[in-house]
Amino acid sequence: MTDPIADMLTRIRNALMVNKETVEIPSSNMKKAIADIMLAEGYVSDVKLVEDGYNGKLVITLKYIGKHQPVINAIKRASKPGLRLYTNVEDMPRVMNGMGIAIISTNKGVMTNKQAKAENVGGEVLCYIW
């Protein structure tokens with residue numbers, strides 16, 4: 001697999017389109033950090049790490065408004081293996097005029113664009129969620 005983060009985002013996007021309650025994703029530290037940020041920001045209901053003998057699986061419980069309206073309207077990959085996207089503090093991206101988040105990989109860990117601006121660090125823009 002060339003881009004495991006894009007695979008994670010695509011699995012979440014596909015599960016939201018068919019109104020699945022949970023989605024299983026092969027686990028890694030980066031994926032776990034992204035899922036934890038989504039949980040902290042209120043985009044998903046629950047994140048569990050299930051051991052399967054290998055690296056484990058992340059089981060993400062998706063969140064809906066009412067019965068069929070997902071909380072996540074869009075989830076897009078920003079930085080790709082063929083074209084990395086980096087930002088500094090001054091040029092930190094704003095997603096949907098502050099209504100969404102950008103997930104940034106910095107030297108202080110994976111965090112949202114708002115946290116990165118508060119910590120005064122830049123880094124690689126992984127994805128946008130709104």
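**Close-up views of a predicted model**

**View 1. Strand E8 and its partner strand E9.** Isoleucine 104 of this predicted model has methionine 111 in E9 as its bridge partner. E9 covers residues 109-112, and its pairing with E8 is antiparallel, with four bridges. The link between E8 and E9 is a hairpin of two residues.

**View 2. Strand E8 and its partner strand E10.** E8 and E10 also run antiparallel, joined by five bridges. One of the residues to look for is alanine 102, whose bridge partner in E10 is tyrosine 128.

**View 3. The two faces of strand E8.** Is E8 buried or exposed? Six of its six residues are buried, so the strand is largely enclosed by the rest of the structure. On one side lie Ile101, Ile103 and Ser105, and on the other Ala102, Ile104 and Thr106; these residues are all buried, and both faces of E8 are therefore covered.

**View 4. The largest nonpolar core.** This core has 25 residues. Those with the most contacts inside it are Ile12, Met38, Ile60, Leu62, Ile72, Ile103 and Ile129. Two or more residues each come from helices H1 (4-17) and H2 (29-40) and from strands E1 (22-26), E2 (44-50), E3 (57-62), E8 (101-106) and E10 (123-129). H1 gives the most, with six residues.

**View 5. The surroundings of isoleucine 60.** Isoleucine 60 is one of the residues with the most contacts inside the largest nonpolar core. Neighbours within four places in sequence are left aside here. Isoleucine 60 is then in contact with Met8, Ile12, Glu21, Thr22, Val23, Ile25, Ala35, Val44, Asp46 and Val47.

**View 6. The second core.** A separate core of nine residues is the second one in the model. Among its members are Met92, Val95, Ala116 and Val121.

**View 7. Helix H2 and its buried face.** The twelve residues of H2 should span 16 Å at 1.5 Å a residue, and the end C-alpha atoms are 16 Å apart, which agrees. Which residues of H2 are buried? They are Lys31, Ile34, Ala35, Ile37 and Met38. Seen down the axis of H2, the buried residues fall within an arc of 155°, so they line one face of the helix.

View 8. Asn29 and Ala40 are exposed, and they sit on the face of H2 turned away from its buried side.

Methods. Residues are numbered from 1 along each chain as its sequence is written. This is a predicted model: local features need pLDDT of at least 70, side-chain atom pairs count only at pLDDT 80 or more; totals for chains, interfaces and linings use all residues. Side-chain values use heavy atoms; hydrogens and water are left out. A nonpolar core is a set of buried Ala, Val, Leu, Ile, Met, Phe, Trp, Tyr and Cys residues joined through side-chain atoms within 4.5 Å. Buried means under 20% relative accessible area, exposed over 50%, partly exposed in between (1.4 Å probe, protein chains only). Contact means heavy atoms within 4.5 Å. The expected span of a helix is 1.5 Å times one less than its number of residues. The arc is that of the directions from the helix axis to the C-beta atoms. Two strands pair if DSSP finds at least two bridges between them.
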